[in-house]
Amino acid sequence: MPNDDQANPLDQRWLVLDNLLKELFKTHEIPQEVVQNLQHARALTNYYNDDPTAQERIKELPKIDSLLNNAEQKLMIMAEDEGTDFVEEWTQKLVDASQGKEVFKDHKIQSKFIPGMPANFDFVRFNFRDEIQVERFYEVCEYENVIIEFDDNDKSVFIFGEKDNISNALREMASFFQEQVNI
């Protein structure tokens with residue numbers, strides 16, 4: 001019988017890092033790269049969690065791990081400024097999360113609000129009638145420095161980032177929109 005305290009290690013690790021970021025934000029200037037790595041990791045994790053048996057989704061695991069490792073390394077270096085007890089507390093939380101223990105509640109949100117989206121970012125949301133090739137979307141988003149979230153079986157899409165970057169990404173994605181239009 002499954003243990004009620006068991007949680008998805010990827011989700012828990014992200015939640016611990018997200019909460020650590022929020023804690024450090026009070027006393028540190030967080031590099032934009034860390035925020036972007038966490039956002040991208042969350043988007044890829046959600047994509048993977050939708051169907052963890054699909055080969056194209058399994059291929060995202062090394063990238064998710066790399067993004068989380070990068071964010072963890074930078075955040076833990078900043079955490080050292082807060083003292084040994086603080087570092088030990090958050091190290092233990094990360095260990096527990098990686099073992100699948102529920103450290104923080106994961107509140108899945110299925111709405112226009114995206115968990116982990118910084119307040120200073122803009123976003124757009126749109127829906128497709130049919131599923132799209134998410135791999136190509138990820139390439140465009142990565143190149144244009146925006147974050148993408150999929151919802152509702154890869155038909156509802158959120159893109160968030162700086163306004164100019166979103167505009168550039170949407171221009172690049174124009175071909176996806178044309179495929180969905182019936183003439």
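## Reading the rings and helices

Modeller: Let's start with one feature: Phe86, Trp90 and Phe104 form one aromatic cluster. Keep in mind that this is a predicted model.

Biologist: How many aromatic pairs are there by the ring rule?

Modeller: The count comes to two aromatic pairs.

Biologist: What describes a pair of aromatic rings?

Modeller: The general idea is that you give the distance of the centres and the angle of the planes. Here, Phe86 and Trp90 have ring centres 6.1 Å apart and planes at 45°, so this pair is tilted.

Biologist: Is Trp90 buried or exposed?

Modeller: Look at the relative accessible area, where under 20% means buried. Trp90 is at 4%, so the residue counts as buried. Phe86 is buried too, with a relative accessible area of 15%.

Biologist: And what kind of pair do Trp90 and Phe104 form?

Modeller: A stacked one, with 6.2 Å from centre to centre and 20° between the planes. Trp90 lies in helix H5 while Phe104 lies in the loop between H5 and strand S1 (122-127), so the pair ties together parts that are 14 residues apart in sequence.

Biologist: Which residue lies over the face of Trp90?

Modeller: That's Lys93, at 4.1 Å from the ring centre. Elsewhere, the charged end of Arg42 sits over the ring of Trp14, 4.1 Å from the centre of that ring.

Biologist: Let's move to helices. At what angle do H2 and H4 pack?

Modeller: Helix H2 (residues 32-50) and helix H4 (residues 61-79) pack at about 150°, and their axes are 9 Å apart. Angles over 145 degrees count as roughly antiparallel, and H2 and H4 are therefore roughly antiparallel to each other. Their crossing is left-handed.

Biologist: Which residues make that contact?

Modeller: On H2 they include Val34, Leu38, Ala41 and Leu44; on H4 they include Ile64, Leu67, Leu68 and Ala71.

Biologist: What does Met173 touch, leaving out residues up to four places away in sequence?

Modeller: Phe137, Val140, Cys141 and Ile159. Take Val140: Met173 and Val140 are 33 residues apart in sequence, and their C-alpha atoms are 7.4 Å apart in space.

How values were computed. Residues numbered from 1 in each chain as written. Predicted model: local features only at pLDDT ≥ 70, side-chain atom pairs only at ≥ 80, totals over all residues. Heavy atoms only, no water. Phe/Tyr/Trp six-rings, centres within 6.5 Å; stacked < 30°, edge-to-face > 60°. Buried < 20%, exposed > 50% of the residue type's maximum accessible area, 1.4 Å probe, protein only. Helix = DSSP H or I, 4+ residues; strand = E, 2+ residues; numbered from the N terminus. Lys NZ or Arg CZ within 6 Å of the ring centre and 35° of its normal. Axes fitted to C-alpha atoms, helices over the stretch in contact; angles between N-to-C directions. Parallel < 35°, antiparallel > 145°, perpendicular 65-115°, else oblique. Left-handed = near helix turned anticlockwise from the far one by under 90°. Contact = heavy atoms within 4.5 Å.
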